[in-house]
Amino acid sequence: MRGFLKVALLSTACAVSSYSASAQTLKLGVLATLSGAGTAWGMAMQGAAELAAEDVNSKGGLEVGGKKYKVEIVAYDDHYKAADALTAFNRMVFDDSIKFVVGPLGSAPALALLPVSTENKVITMTMAFTPKALSAEYKYSFRPVIPSDVFSDPQIKWVVQKLGARKIGGLFPNDESGQQVGAANEAAYEAVGAKFVAKEFFERERVDFVPLLTRVLAKGIDAFELNGNAPQTAGLLVKQLRELGFKGPIIRTGGDATADILKVAGKDATENVYVHQPINTDSPAIQEYTKRFETKYKTPLNAFSPFFYANVQMAFAAMQKSGTVTDSDKVREALLGLKDFETVLGKVNWIGEAQWKSNQQLDAPFYVALLKGGAAQVVAKCTPKVCE
Amino acid sequence: MDYSILLAQAVLNGLVIGAMYMLMAVGFTLVFGIMRVVNFAHGEFYMLGAFTGFFTYVYWEIPFVVCLLIAALTIGILGMLVERTLIQPFRSDEMSGMIATLAISVIIQNGAVLLWGPQPRAMPDIVTGTLAIGPFSFPWSRLVVIAAAALIFTAFWLFMQRTRLGRAMRAVAQDTETALIQGIRVNYIYPLAFGMSVALAALAGALMGPVFSVSPFVGLTPMLKAFVVVILGGLGSVPGAVVGGLLLGMIESFTATIFGSLVSDILQLLLVILILLVRPAGLLGQREA
């Protein structure tokens, strides 16, 4: 009987070890907002990670150092709050032993967990726009999306030169974020020879902008800037500006808000509106990704998603190049070494040395689009230096 | 921009927001005058009216006038039910009644967030284009709000002055006990007055939906403004609510156009304090004996 037990135990142990040898798992974390406001962005990040994982899993797994790894996504909701993000991140790092994370999403969560990710050498792919999200000190923090302080200068320069606008007006929310955007925008316009002649602030709950817009239009502006306003507010501003008879160009330098502007203001009011567009929707690669994403998730694609998809693909390539899925130092070095990496966004590189003393910012082309007949048409392709 | 155009624009905008404040404040003051209840949930009925207008107009694609009628009827009936079940038990206790309306407000707002989500929804314009008179151009969407508000108020005023029910309501507002002695059934008047009050708020919400947008939080600002208006015009006074509403709309529009949003908010409230110092009962209110 004892002999039988020994044989049984031995064979069970062998079975377990041979199973784990054949089914290695690579856990990829997703730390994003998956409920409430900001869910669209969180969905974009989670979807990107899942689609990239699906790509490698459909080929039997990611081959690294002669072993195949099945990629498993572990997603946690940060509720767009720093405290919740930190709790979830600690769980990822200490309970799930995750070394690669898509996220965090917001600036406050990013700043809260940067010390933990740095100390534990966890590579993060953040959407945080704050300039503090990247630095030589936080060497594992990468950012695949292009923040406004990278794209606003070349875009504003192009718009001012193309439109010949000299007198600019704008309304901004009366909080820290609105004040900062207002000041940055004013400086960017003045740097290229235009003047911000009317800058007004309002409480975020305001929906009737007509008195303030009347005041702004009285200054005889050539163009109106929408940056710093939430997508819905941007739509209301366009609608009310046109109601007041303003026919001049309206410019959206900030994040993607095209869908809301069109929805709120309608087709006619959105003629002569120039918007920042992170992706080229005419590109076949983007169209294919959009179709795949929308078929799987039954929701419109958020333009940030392809950036995370590209970043995860780069992380996988770096793991293969460095031959490890556990040594994040080696993976980081390999990731930084990727040049002209082909993605759905086109060829991408890492930049940021001049601004953040470290190349952890993805460099991908971005676009200026003109709204025409209720659709966005790309009119310029941009790099951090110039729009053409 | 020409100074006269600036002035005309400020007048038009003042009339639009003044009309909304008027409709909100008339209903608010009606309930206080008759029931002595400060309805903190008044803004939520405005929001429900806006959503009713939105869903009926966008999904059913029926004429906007019918949408307004549906909003007034459904929200009015809902208001009557709310009064009957949740406010009537506290009729003899004003403080508890106010706390009950506060609770109703939180329940309705959070319920709306759960049902429809927090994000604002854009409602298409009921009319497009502008009315051009010389150098002035006025958007039809805003002119319609002013005309509709004037019509709604006229209908309400005629109801209060010319019908038996309206007279009964005014009698209850003046003296409940005497009204009871005269055979007026106060238990029917209270829910009816509450229903009419919130139906007016719902109409204001449905009218403003296309001009601004619709979300579970749209009732907050009109509610706060209705408070200011009834204090300005005199608590319980319907003419006071009309004068106060239009006055506040004009002050808001002119100060925001001339001085900007932040100074406008300060000036509005300073003016209210000033009026209360000079006339503590409000512009058309009467001192309580």
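**Close-up 1. The loop that holds Pro104(A) in the predicted model.** Pro104(A) sits in the loop that connects β4 (100-102) with α4 (107-119) of chain A. The peptide bond leading from Gly103(A) into Pro104(A) is cis. Its omega is near 0°.

**Close-up 2. Tyr80(A), a residue with positive phi.** Tyr80(A) is not a glycine, yet its phi is positive, at about 60°. This residue belongs to the loop between β3 (67-77) and α3 (82-95) of chain A. Is Tyr80(A) buried or exposed? Tyr80(A) has 22 C-beta neighbours inside 10 Å and therefore counts as buried, the cut-off being 20 or more.

**Close-up 3. Arg36(B) in the loop between two helices of chain B.** The loop runs between α1 (3-35) and α2 (42-60), and Arg36(B) is found in it. Arg36(B) has a positive phi of about 60° although it is not a glycine. Around Arg36(B), 15 other C-beta atoms lie within 10 Å, so the residue is partly exposed. That class lies between exposed, at 12 or fewer, and buried, at 20 or more.

**Close-up 4. The two domains of chain A.** Domain 1 of chain A comprises 7-146 + 283-351. Domain 2 comprises 149-277 + 367-382. Taken over C-alpha atoms, the centres of domain 1 and domain 2 of chain A are 34 Å apart.

How values were computed: Residues numbered from 1 in each chain as written. Chains lettered and ligands numbered in written order. Predicted model: local features only at pLDDT ≥ 70, side-chain atom pairs only at ≥ 80, totals over all residues. Domains from an automatic or database assignment. Helix = DSSP H or I, 4+ residues; strand = E, 2+ residues; numbered from the N terminus.
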